[in-house]
Amino acid sequence: MSIDIEKYNSQHKPTWCPGCGNFAISMALKKALSELNIPPSQAFIAFDIGCNGNGADTVATYAFKGLHGRAVALASGAHLANRDFTTIAELGDGACFHEGLDHLINAVRSNYDITILIHNNQNFALTTGQATVETQKGKPMYALPGGKPEKEYNTNELILSLHPTFFAKGYSGDIQELTDIIKRGIKHKGCSVIEISQLCPSYNRECTPQWFTEHIVKISSLKNYSETSFDDAHNLIQKMIKEEKIYTGVIYENKNVKTFYENLPSRKSFTTELSEEVKEYNIKKILETFK
Amino acid sequence: MKEKNYRAAIKFAGASGQGINTTGQILTQALNSAGYEIFGYREYPSLIKGGNASYQVDFSNYKVNSPSKYCNILSTISENSLHKYIYDVKNNGFIIHDGDEIQLSTEEEIYVKKNNIQLIALNSKKIATNAGGTEIMANAVLLGFLWRILRKDKQILIDEIMEFFGEKKIDQQAEKRCILAGYENSLYRDTYSDNIFIPKPSILHSKQYAMTGNDAIALGALSAGVRAFYGYPMTPATSIYKLLGETSQQTGLLVKQAENEITAVQMALGSMYMGTRALTATSGGGFDLMIETISSAGMSETPLVIVLAQRNGPATGVPTWTGAGDINTAVKGGHGDYPKCVISVSDLPSCYTLIQQAYNISEKYQIPVILLTEKQIAEGLFSIDQLPKPLKIERGLEKGNKRYKITDTGISPRWIPSKSNKPYLSTTDEHLENGVSTEDAVSIMKMSKKRMLKMETLEKEIPQPQYYGNKNAESVFVGFGSVKNTILDAIKEYPNYAYLHYEYIYPLKTEQFEKLVNQNKRIILVENNQTGQLGSLISEKTGYTFSEKLLKYDGRPFFVEDILNFISE
């Protein structure tokens with residue numbers, strides 16, 4: 001049993017370029033929600049600014065299209081107010097690794113129970129193709145005819161160094177695998193980071209579907225790979241660097257870490273959500289301490 | 001300068017880290033318990049150990065809400081502080097200094113003689129260690145000695161100190177012995193008490209509450225149903241976080257120190273969207289980082305409440321000193337035109353009530369509300385018999401079909417996300433009634449007008465500024481924030497002076513102000529900033545030009561003497 005996927009669509013059509021990876025990522029998210037039986041009225045999506053953020057108009061869930069770089073912080077606050085919602089933050093590599101890097105790092109550290117979808121197309125596409133940290137060194141980009149002067153940083157190493165409780169990589173060209181990964185991420189109790197390699201036919205023309213086919217390997221094809229082994233995850237990322245390949249699937253999951261909320265002594269005795277608790281608190285007892 | 005003899009002041013001074021703040025608070029609380037109206041005023045440097053720190057308590061049988069510049073008794077525990085504050089001692093005052101002797105410069109000697117100031121050297125560190133205490137308990141010795149001069153019951157002080165240190169790991173018996181060693185010290189003379197002005201305790205005064213402005217804001221937030229606090233440390237906002245954090249075990253509040261102010265305000269916004277009440281508090285620098293989010297709350301019509309605790313200067317300024325120069329950033333900050341509300345507190349009742357009002361306005365009008373306070377209010381210790389009654393929580397929730405429906409008031413239906421309600425998109429893009437983004441010229445105009453209409457609706461609801469004093473007064477001071485406290489303390493005996501106080505800064509109401517202008521009153525603008533920022537807002541709206549401005553921006557609050565000197569000039 002799953003919910004009709006049309007229920008997740010608003011009446012508005014996406015505005016992305018033909019061939020954009022966002023169509024597939026958006027579809028995979030809706031499929032994941034549908035297959036997990038999470039109705040649109042129980043999902044909250046925080047959208048960032050960028051091409052993917054323009055998808056906010058197309059969903060029929062609760063959603064907030066906020067500021068550039070802030071989707072993760074906004075989603076964290078929304079999630080803490082009502083944990084009955086499935087909370088998703090969608091943002092691009094510009095938002096995640098530039099403007100909002102601190103939010104990513106600290107959301108992973110705090111281990112809020114949210115799912116972060118990073119649409120990685122290796123450039124700022126909506127502003128017509130500026131270089132991000134993910135753009136290859138030397139590649140000519142907007143206002144950089146001589147090529148991007150600095151090197152990239154390895155986002156896999158960065159994310160793993162934070163000891164995330166869930167880290168996976170997906171590809172916009174494989175909707176079924178991406179759907180399964182997102183489902184795993186949503187089901188994981190804690191902060192799930194899913195980095196998605198995304199086709200961008202307008203500003204990342206080198207990375208064609210053909211290119212991805214040649215560079216993508218499924219983690220499931222590896223023998224004896226353990227998702228719960230941090231060492232395996234570490235070795236896999238080194239392997240990706242060495243082989244210049246992208247491995248997709250769940251890289252690492254640790255189910256033994258409590259979420260931020262579960263670690264709060266002040267919330268231990270509560271069964272209600274913060275969104276249900278807005279009423280006058282009687283300050284009489286606290287007031288006595290000021291006598 | 002005419003000065004009325006109804007209030008006295010004691011100043012404790014030393015280096016940061018010597019327990020000055022604690023000692024001052026204990027003395028203030030003890031005077032409160034002894035039946036006085038009190039006001040505690042703190043000066044300290046932005047460092048942990050060293051520098052000069054002081055804590056002054058003004059006390060009276062009348063209400064006092066402001067500090068005086070000069071004190072009757074100065075108690076110093078470091079050489080530097082003795083020389084720094086010696087000229088702040090009044091005629092016939094006392095200096096009690098820790099040490100075997102007091103060495104003064106020739107100039108200081110002349111000042112002391114001329115003003116008939118009595119010097120007492122009390123080797124309080126030695127007395128403390130002899131009594132089995134530690135060196136820091138020299139403060140308790142000084143307190144005991146002072147208490148004797150004031151001729152107050154020693155048990156009040158002992159109770160206060162026991163209560164203060166109740167939950168801390170401190171040798172309470174040693175504290176007690178040190179107080180007694182000071183109280184019963186042989187250096188005491190009856191003439192000390194005879195020669196100093198000690199106000200009588202207030203007859204009406206029952207045992208009151210003593211708290212800072214930040215305490216009252218935190219309590220008001222709890223009364224308003226706030227369930228989450230997202231903070232990032234910045235003086236002088238930080239103590240709101242302290243009280244909410246320390247009581248979170250009993251209140252169930254979710255308290256989170258965010259990685260920075262942008263996260264804090266974004267988390268608050270996310271939580272408010274989801275239907276709870278969340279708070280964040282900061283000072284000018286942190287507030288500036290939050291401004292993009294404030295603009296986004298205005299556009300997305302999401303409720304948001306921020307406490308902006310002001311301090312002196314632009315940039316880092318003088319971080320632990322007071323000022324009220326953030327009206328401009330609060331009112332005019334943020335790109336684009338969007339509705340918001342800016343309110344300023346002044347004393348305990350307003351701190352407690354206006355934070356609640358901020359939430360009601362923010363939720364009903366779906367706008368960001370900025371509550372201004374100042375270091376002087378945030379960390380000043382005030383006394384009060386009873387806090388006002390809590391306000392009724394008003395949220396303006398209403399189910400609907402279109403989240404941004406165009407209405408006569410500008411206010412659209414807003415409902416809390418839940419499974420049983422219709423999902424909606426909140427957005428920072430310009431949008432249609434259903435939240436979908438638009439670039440259509442007519443739609444942009446329509447939605448912009450709808451949003452701004454809320455300002456007109458709000459302006460009708462908020463009150464006129466408050467007029468204090470004699471109706472027939474010829475001169476009227478105009479101001480906001482902590483200047484109210486000083487002016488009201490100062491003009492008690494001057495019926496020819498009145499005060500017009502602005503709590504609601506934006507939207508700004510000027511009818512009453514213009515009435516005073518039309519009555520040909522002498523108008524004096526009083527502000528704790530360099531350019532008269534409230535005055536500029538008033539001028540912008542009315543075209544009135546202030547010819548008399550009393551502006552202070554040296555990091556100090558207005559002392560009573562500042563106003564009294566102005567009046568007598």
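View 1. Helices (H or I, at least four residues) and strands (E, at least two) are DSSP runs, numbered from the N terminus. 17 of the 18 residues of helix 15 of chain B are buried, so the rest of the structure largely encloses this helix. Buried means that 20 or more other C-beta atoms, placed from the backbone, lie within 10 Å of the residue's own. Just after the helix, B:Q366 takes a positive phi of about 55 degrees.

This is a predicted model: local features need pLDDT of at least 70, side-chain atom pairs count only at pLDDT 80 or more, and totals for chains, interfaces and linings use all residues. Residues are numbered from 1 along each chain as its sequence is written, while chains are lettered from A and ligands numbered from 1 in the order in which they are written.

**View 2. Chain B holds an open sheet of 7 strands.** The order is 9-8-10-11-13-12-19, with mixed pairing. Strand 9 (254–257) and strand 19 (504–506) of chain B are the edges, each pairing on one side only. Pairing requires at least two DSSP bridges between two strands. From one strand to the next, the twist averages 20 degrees. Strand 11 (residues 304–310) and strand 13 (residues 368–374) of chain B run parallel, paired over 7 bridges. Here B:L308 stands opposite B:L372 of strand 13 of chain B.

**View 3. Helix 13 of chain B packs on the sheet.** Helix 13 (residues 284–300) of chain B touches strand 10, strand 11 and strand 13 of chain B. Contact means C-beta atoms, placed from the backbone, within 7 Å. The direction of helix 13 makes about 155 degrees with that of strand 11 of chain B. Axes are lines fitted to C-alpha atoms, for helices over the stretch in contact; angles run from 0 to 180 degrees between N-to-C directions.

**View 4. Strand 1 of chain A is covered on both faces.** A:A43, A:I45 and A:F47 are buried on one side, A:F44 and A:A46 on the other. Strand 1 (residues 43–47) of chain A runs parallel to strand 3 (residues 86–92) of chain A, joined by 5 bridges. The bridge partner of A:A46 in strand 3 of chain A is A:A89.

Definitions and conventions
Two residues are in contact if their C-beta atoms, placed from the backbone, lie within 7 Å. A residue is buried if 20 or more other C-beta atoms lie within 10 Å of its own, exposed if 12 or fewer, and partly exposed in between; C-beta atoms are placed from the backbone.
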